[in-house]
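Student: Hi! Could you walk me through the charged and surface features of a structure?
Tutor: Happy to, let's open it up.

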Amino acid sequence: VNVMSIPRDTMVNLPHDMKRINSVYSSKQGLEGLKTHIGYLTGVVPDAYVMVEWEAVGELVDAIGGVYFDVPYHMGYDDPYQDLHIHFEPGYQYLNGEDAMNLVRWRKNNDGTATPGGGGDTSRLDVQHQFLKAVLSQTLQLKNVTRIGQLAELFGENVVSDLTIENL
């Protein structure tokens with residue numbers, strides 16, 4: 001399985017004022033249009049899509065009893081308007097569902113500290129990919145076999161895909 005993320009502000013050629021890839025999905029073109037535009041950008045039209053509600057990430061992490069993750073660098077961000085406070089030091093650590101949600105939302109630090117990738121969407125996508133790999137690896141452990149029903153329910157409520165159940 002290969003996963004590709006395209007930063008939401010990637011410019012595309014659209015016939016209206018909004019010329020960002022994230023505007024394709026919300027337009028009349030929908031998911032099929034999004035797949036077409038990804039093909040224009042990359043030369044590869046995706047075979048399928050899997051959309052995950054990010055809120056479900058925290059629930060999934062709590063359902064498997066937390067996740068151990070190697071936080072790649074210092075993350076210090078506060079947004080009082082959203083009551084969002086993200087504070088992690090680098091290193092291997094245990095994360096619960098709330099921690100996981102904060103981790104995947106992080107984009108930049110308050111003080112403008114340089115991070116690999118320069119911060120922003122590309123740094124966030126890299127952290128998200130690494131984190132999802134850790135979640136999947138830890139979800140597939142034998143200890144979680146008794147939680148299959150709960151995990152399947154979470155999956156069914158929070159994932160939309162054009163793949164069949166068998167392919168998923």
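Tutor: What follows is a chat about salt bridges, surface patches and backbone angles in this predicted model.

Student: Great, salt bridges then. How many are there?
Tutor: The count comes to three salt bridges.

Student: Which residue does Arg20 pair with?
Tutor: Arg20 forms a salt bridge with Asp9, and their closest N and O atoms are 3.6 Å apart. Both partners lie in the segment before helix H1 (21–26), so the pair ties together parts that are 11 residues apart in sequence.

Student: Where do Lys35 and Glu32 sit?
Tutor: Both lie in helix H2 (residues 30–42), three residues apart, which is about one turn of the helix.

Student: Is Lys35 buried or exposed, and why?
Tutor: Lys35 counts as buried because its relative accessibility is 11%, and the cut-off for buried is under 20%.

Student: Switching topic: which residues make up the negative patch on the surface?
Tutor: Glu53, Glu55, Glu59, Asp62, Glu153 and Glu157 gather there. H3 and helix H6 (148–158) each supply at least two residues of the patch.

Student: Which element gives the largest share?
Tutor: That is H3, with three residues. Glu59, for instance, lies in helix H3, and Glu59 is partly exposed, with a relative accessible area of 40%.

Student: So which residues of H3 are buried?
Tutor: In helix H3 (residues 55–63), the buried residues are Ala56, Val57, Gly58, Val61 and Ala63.

Student: What happens to the backbone just after H3?
Tutor: Gly65 takes a positive phi there, of about 85°.

Student: And which residue other than glycine has a positive phi?
Tutor: Asp83 is one of this kind, with phi near 50°. That is worth a look, because most residues other than glycine have a negative phi.

Student: Where is Asp83, and is the residue buried or exposed?
Tutor: Asp83 is in the loop between strand E3 (75–79) and strand E4 (84–88). Asp83 counts as exposed because its relative accessibility is 60%, and the cut-off for exposed is over 50%.

Student: Last topic: which residues form the nonpolar patch on the surface?
Tutor: Tyr68, Tyr92 and Tyr94 do, and together they have about 380 Å² of accessible area.

Student: Tell me about Tyr92. Where is its place, and is it buried or exposed?
Tutor: Tyr92 is in strand E5 (residues 91–95). At 61% relative accessibility, Tyr92 counts as exposed.

Notes:
Residues are numbered from 1 along each chain as its sequence is written. This is a predicted model: local features need pLDDT of at least 70, side-chain atom pairs count only at pLDDT 80 or more; totals for chains, interfaces and linings use all residues. Side-chain values use heavy atoms; hydrogens and water are left out. Buried means under 20% relative accessible area, exposed over 50%, partly exposed in between (1.4 Å probe, protein chains only). Helices (H or I, at least four residues) and strands (E, at least two) are DSSP runs, numbered from the N terminus. A salt bridge is a side-chain nitrogen of Lys or Arg within 4 Å of a carboxyl oxygen of Asp or Glu. Patches are made of residues with over 30% relative accessible area and no salt bridge: like charges are joined within 9 Å, nonpolar side chains (Val, Leu, Ile, Met, Phe, Trp, Tyr) within 5 Å. Accessible areas come from the Shrake-Rupley method with a 1.4 Å probe; for residues, only the protein chains shown count as cover. Lys and Arg count as positive and Asp and Glu as negative; His and the chain ends are not counted. The place of a charge is taken as NZ of Lys, CZ of Arg, CG of Asp or CD of Glu.
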